[in-house]
Structures are given as C-alpha cells and as structure tokens.
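The points below are meant for a colleague who is opening this structure for the first time.

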Amino acid sequence: MTYKWVAVICNLLQIAALIVICIKTYRLIERGKKYLPTILFLFGMIALMLSELYWLVHGLIRPDFRFPYSSSEVSQDGGLLLLAAALVALLGRSREKLTLATLGAIAFTLVNIALWILWSGEWFKDIFDGIIFMYYLCVVTRSLCRTGAFRRREWVCLVIGGTILITGEALWTFVPESLQLTIDIGNFVFMFSILLFLYAKILYNLRRGDTPLRSLCLAYAGFTWSLLSMYMSSEPMYFASFCSSTAMAVLMYIALERVVTQE
Amino acid sequence: MIYAENILLCIAVPLVVTLGFLKSSARRLVISFLLGMGLCLISAYITGYLSLISNLSSEDVSIYLSPVVEELMKLLPLLFVLYVFNPADDTVFLCAVALGAGFATFENCCYILTAGVESLYYTLIRGLAVGVMHVVSMLVLALGLVLIRRFRVVSLAGVMGALSLSMTFHALYNLMVSQPGVFSYIGYALPLATAGVMYIIFRQLTDDKK
C-alpha cells in the first residue's frame, strides 16, 4: 500500500471521527449548561472537518497541483480560531498581558515559522498560518497555567524537551545527509515522548473526573502538540501524528462534555 | 463575450423602481438582492484582475481564488449592516439570504447567457446547485455572525471562523464540480443536502426562541 492510500485512509478516519464529534456536540448544546463554548467548539470542529474533506477531495482530484494557500488552510485556521474562542469563552478573558509562558509560546511559534519557511519556502502561507497558530498556542498555554495543568517540574521538562526538539529540527536542515537519520530518530523520540506524556496526563485527569476543565486544557495541548508533530514529520511518522490528532480531537470532545454537563 | 454591466442594469432598474412602492422588510429584501447582484459584478472584476496577475487558468481561478474573493465580498455588507444598524436576528438572516440570492441570480444570468440554455437538465442543475450554494454559504455566515453578536465575545476570531466555513464550503463545491463524474454529482448534491441540514437547525433554533 502506498503512502497516498495510507493518507486517504487516515483522512477518512479523521473525517468520520469529526462528523461524529460534530453530531454529538450539536446534541450537547441542548444538554449542556454552557451554550456559547459548545457552539464555538462545534463550529471549530465543523471547520476542521471541512478542511480535511477539502484536503481529501483535492488530493484525489488534483494530486499534482499545490496551491500555496487554499481553502483547506483557510478552514484549518478558522477552526483553530474558533477552538481558541471556545476556550476563552470557558475560562474568561485573562487580565495578565504577557506572562513568561505566553512569551515562551510566542518564541516557540516564531522558531517554528522560521523552520516551516525553510522547509516549504511558502512565505505568505507560513507567516499567516503561524500568526494564527501563535494566538491559538498562547490561549492554550494561558489555559494550562490558569488551570494548573502542569507542575513546575513538568513545565521545566516540557520547555527543555521543546527546546531540544526545535534545535534538533533546525540542525537536521543544515547537517549532511549521513547524519540526518540519526537526528531524525532523536527528534521522533522527543516528539513522541512528549505526546505519550500528554496522553498519560489527559487520561489520568479524565479518569479522576474532578477537574474536567483541566482535562479539556490538556486535551487542547495534546491536539496542538499532535499538529506540531505533523508539521515536523515526514511519512511514515506523519501518519502517527495525524492519527494522534484524531484521537486528541475525540478526547477534547469527551473533556468538553464533562465540562458543560458537570460544572 | 457578454456585457455584464448591461445585464445588471437591465435586471436592476425594475427592482430599483419597485423600491419606491415597498416598505420595511420587503424593501430590505429588494435592496439586499440588488446589493448581492452588484457584489457579484465587483467580485468578477477582482477575480479577473487576480487571474491576470497570477497567470492561473480560469478553472484554477474558480477553484482557488473565487471562493475567497466572493465570500469576503459577501461578508462586508453583512458586517456593515450588523455593526452600523444593529438589526434584529431575523433581519440579518433576511439580508443574508437576499444577498446570496441576488449574487446567485446574477451569476446564473451571466453564465446562462454565455453557455446557452438549450439543456433543461443542465439549467436545473445550475439553479439548484449554484443558486442554493450561495444562499447556504450566506446562511452559515449569518448564523455565525448572529451568534457572535448575541454573546458579545471573541468577535474577530468568530467572524474569521464563520468566514472560513463559508469559504471552504464554497471552495469544496467548486472543486467537486470541476471534475466530471461521481465527484461532480456529489458536488451538485452538496448545496441541497446542506440546505436541508441548515433548515432543520434553523427550525430548531427558532423553536427554541419561541
């Protein structure tokens, strides 16, 4: 089976999962107590679903034509904005202007944007997408701080892990080909270790059940990390990150359901 | 080659005269309809210009550029109405639907004059697909804007999100109908199916309000 068909299957799985999430979120509007965050979440998920659907159809109809900023990217950006809006609506606006965590998120995204431009050469798309991703990451980081999702030691580990990963990714671009595989393996170990850590945290918090909002913020963080892993990986590891983003979207819904029905 | 401006004048003049005899919501409907037709012409100018500077084929332009330009153009008057006149939700929906219908009507007129109307089958598809698509995309946009206004929060993110939904829906339709065969059939059915879903949601929302 070629990578093309693996990509199609992953796409179909994600679209199916997102459709189910959208239907269940729509029903949740009637059951839940928080109308606005639920409806923003629903719109966000619809946007992500449309983005994937467009990507799938485009890949099947015009596989050889790549347009730098097509509707798939428009919809994904819109989806991220709406998901961020849902989180802001749940937590309320933060009065703090610039915290260390926000500055870290901005710096991390800026380095990522530089790497994306280096890899793809699509300036406009990468900068535009990057700005929206920066806003989304800042909202998620703030929510993680406000809900106390990570202990101080965990934050330090995450920052160190993220820095090593970014440095590794930057190094990969400049080293000779003979070294690229070694750096790639190291990067994937870091990337997926952080992802596994996030899964463990989300599942632990969901199982405990007493902090649904924290679980939701962690699921948002997991989804964000899965997206970043996707952008940093090539096939076949790309598919692992892709499937992880699908699983994280499901976890986001489960956490949201608890937030709007329990709190 | 057709003279779109002349066609617009021909359709618009009777409607403009009608305005003198209408009041309240009927007048708003006709004004929005006229505006929709005008926007269609302006969108065609902008898309034509972009096509010229980007060296894309007409098919590529209709798949990649038209949805972005057209949805953006349709959003602007709706935002203007929303923030300047602050009308009731029903008025927003009325303006949105009429804008979409005006846009679709003018686009269909121009298309039919260019391609001919010999095939009833094709004309029906054109009416049911493109016509409904513009109305549905405007309904999605209006629904998003009404919700954002109702809760008075995160307006920029909300507006961009609602806009992205209508753009992608439009782009998906254009992409699907560009490929003959199964994809085009799904594409033609997409606006009607979405209109059905939107109708159910719309009814439920209005029932909840009662």
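1. A definition comes before the rest: two residues are taken to be in contact if their C-beta atoms, placed from the backbone, lie within 7 Å. Please also keep in mind throughout that this is a predicted model.

2. On confidence, the predictor gives the complex an ipTM of 0.84 and a pTM of 0.88. Chain B has a mean pLDDT of 84, with 94% of its residues at 70 or more. Within chain B, the confidence is highest in helix 2 (residues 24-54) of chain B, at 89, and lowest in helix 7 (residues 182-209) of chain B, where the mean is 80.

3. Chain A contains nine helices and zero strands, so that element order, read from the N terminus, is α-α-α-α-α-α-α-α-α. Its C-alpha trace spans about 55 × 45 × 30 Å along the principal axes. The radius of gyration of chain A is 18 Å, which agrees with the value near 18 Å that a compact globule of 263 residues would have.

4. Of the 263 residues in chain A, 42% are buried. When contacts in chain A between residues at least 6 apart in sequence are considered, 72% of them join residues at least 24 apart.

5. L28(A) counts as buried because 21 other C-beta atoms lie within 10 Å, and the cut-off is 20 or more.

6. Helix 6 (residues 152-174) of chain A has 23 residues and reaches 34 Å from its first C-alpha to its last, close to the expected 33 Å. Its buried residues are G162(A), L165(A), I166(A) and E169(A), and what covers them includes helix 4 (100-120), helix 7 (177-208) and helix 8 (212-232) of chain A.

7. Helix 7 of chain A, with 32 residues, reaches 47 Å between its first and last C-alpha, close to the 46 Å expected at 1.5 Å a residue. The buried residues here are N187(A), M191(A), I194(A), L198(A), I202(A) and N205(A). An α-helix has 3.6 residues a turn, so residues three or four places apart point the same way. These buried residues of helix 7 of chain A pack against helix 6, helix 8 and helix 9 (237-262) of chain A. After helix 7 of chain A comes G209(A), which has a positive phi, near 80°.

8. Turning to the interface, 26 residues of chain A are in contact with 24 residues of chain B. On the side of chain A that touches chain B, helix 2 and helix 3 (71-91) of chain A are the elements that give two or more residues, and helix 2 of chain A gives the most, with 13. That side of chain A divides into 18 nonpolar residues, seven polar and one charged.

9. The largest nonpolar core has 124 residues, of which A219(A), M252(A), L78(B), A96(B), L141(B) and L172(B) touch the most other members. Helix 2 (residues 35-61) of chain A gives the most to this core, with 16 residues. Leaving aside neighbours within four places in sequence, L172(B) is in contact with L50(A), L53(A), Y54(A) and V57(A).

Definitions and conventions
Residues are numbered from 1 along each chain as its sequence is written. Chains are lettered from A and ligands numbered from 1 in the order in which they are written. This is a predicted model: local features need pLDDT of at least 70, side-chain atom pairs count only at pLDDT 80 or more; totals for chains, interfaces and linings use all residues. Helices (H or I, at least four residues) and strands (E, at least two) are DSSP runs, numbered from the N terminus. The radius of gyration is taken over C-alpha atoms; the globule rule is 2.2 Å times the number of residues to the power 0.38. A residue is buried if 20 or more other C-beta atoms lie within 10 Å of its own, exposed if 12 or fewer, and partly exposed in between; C-beta atoms are placed from the backbone. A nonpolar core is a set of buried Ala, Val, Leu, Ile, Met, Phe, Trp, Tyr and Cys residues joined through C-beta atoms within 7 Å. Ala, Val, Leu, Ile, Met, Phe, Trp, Tyr, Cys and Pro count as nonpolar, Asp, Glu, Lys and Arg as charged, and the others, Gly among them, as polar. The expected span of a helix is 1.5 Å times one less than its number of residues. pLDDT is the predictor's confidence in each residue, from 0 to 100.
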